[in-house]
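Thanks for coming. I will go through one model today, starting with a single residue and then moving out to the whole chain. Please have the structure open.

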Amino acid sequence: MSNWLKHGNNSQNSNFKSYHIDLPSFINIKANLYLFSVNIHAGTDYQATVYDKDQSRISFSVEDQTLFIKEKDENRKQKNIHLSDIPKLIITIPNGTSLDSVKIGNNVSDINLAGFSMRQLDLYLSAGSLQLTEITVKDRAKVILEAGSLSISHCKTNLNATLSAGSVKIEQLRGNNHFELAAGSLKATTDDDQETEYNLTTVVGSINYHGHRKLHHFYREGAGKDYLTVQSAVGSIKII
């Protein structure tokens with residue numbers, strides 16, 4: 001990493017500094033995080049920006065076209081974490097870049113992906129929020145969220161998402177997508193509703209399809225290639 005450009009500046013948070021790191025090109029991302037929130041989006045270059053008290057708490061390496069991101073083990077020993085203490089990582093890739101795979105594991109913070117495409121996506125989040133905006137996954141996407149919220153806006157994926165406790169908000173989702181909720185709610189909006197096939201099931205809770213309350217199961221065949229399957233043990237499902 002010694003040959004990468006680094007710049008240190010004070011950020012808006014008086015306790016943190018911003019560190020900008022120019023990265024070699026890559027087509028895969030593998031991140032194992034604990035405290036850091038991560039934001040990956042399209043930009044002008046391959047670059048990482050770290051907002052933290054000390055840049056040494058996170059490391060980067062690029063090997064075999066894969067960007068590896070790791071936090072130091074000492075971060076996992078911290079307790080009573082406040083929002084103001086959560087460091088932030090921003091990764092940018094050039095506009096129009098299509099990655100092969102993105103795999104991120106995070107524990108107590110947020111994941112935000114926006115404005116690019118990839119072949120495969122794997123995300124694990126123990127507690128926090130996960131946001132996908134204008135993301136295309138060509139092959140397979142998998143999300144595991146233990147507790148928190150999942151927000152999807154203007155994406156095209158073939159997603160299998162599992163939530164233990166939390167909420168899902170969807171706006172304009174294309175592809176073949178499956179959601180399994182142990183406890184929580186799902187709300188979806190779409191413009192071209194006739195294209196989507198719905199298969200919705202809840203054990204304890206309600207199903208509301210465009211203002212019409214349904215029983216524990218609702219199915220409607222679609223005219224296109226988009227599918228939305230939702231299985232909820234406890235919670236509500238709403239399509240508007």
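Start with threonine 49, which counts as buried because its relative accessibility is 8%, and the cut-off for buried is under 20%. Keep in mind that this is a predicted model.

Threonine 49 sits in strand β5, which covers residues 47–52. What does the side chain of threonine 49 make a polar contact with? The partner is the side chain of histidine 20, at 3.1 Å. Leaving aside residues up to four places away in sequence, threonine 49 touches Tyr19 and His20, and also Lys88, Leu89 and Ile90.

Now go to valine 203. Is valine 203 buried or exposed? Valine 203 is exposed, since its relative accessible area is 56% and exposed means over 50%. Its place is in strand β15, residues 196–204. On the surface, Val203 belongs to a nonpolar patch with Val204 and Val234. Together, the three have about 260 Å² of accessible area.

Last, the chain as a whole. The secondary structure count is 20 strands and 0 helices. The chain has 240 residues, and 45% of them are buried; threonine 49 is one of the buried residues.

Technical notes
Residues are numbered from 1 along each chain as its sequence is written. This is a predicted model: local features need pLDDT of at least 70, side-chain atom pairs count only at pLDDT 80 or more; totals for chains, interfaces and linings use all residues. Side-chain values use heavy atoms; hydrogens and water are left out. Helices (H or I, at least four residues) and strands (E, at least two) are DSSP runs, numbered from the N terminus. Buried means under 20% relative accessible area, exposed over 50%, partly exposed in between (1.4 Å probe, protein chains only). A polar contact is a pair of N or O atoms within 3.5 Å; within protein, one must be able to donate a hydrogen and the other to accept it, and residues adjacent in sequence count only if both atoms are side-chain atoms. Contact means heavy atoms within 4.5 Å. Patches are made of residues with over 30% relative accessible area and no salt bridge: like charges are joined within 9 Å, nonpolar side chains (Val, Leu, Ile, Met, Phe, Trp, Tyr) within 5 Å. Accessible areas come from the Shrake-Rupley method with a 1.4 Å probe; for residues, only the protein chains shown count as cover. A salt bridge is a side-chain nitrogen of Lys or Arg within 4 Å of a carboxyl oxygen of Asp or Glu.
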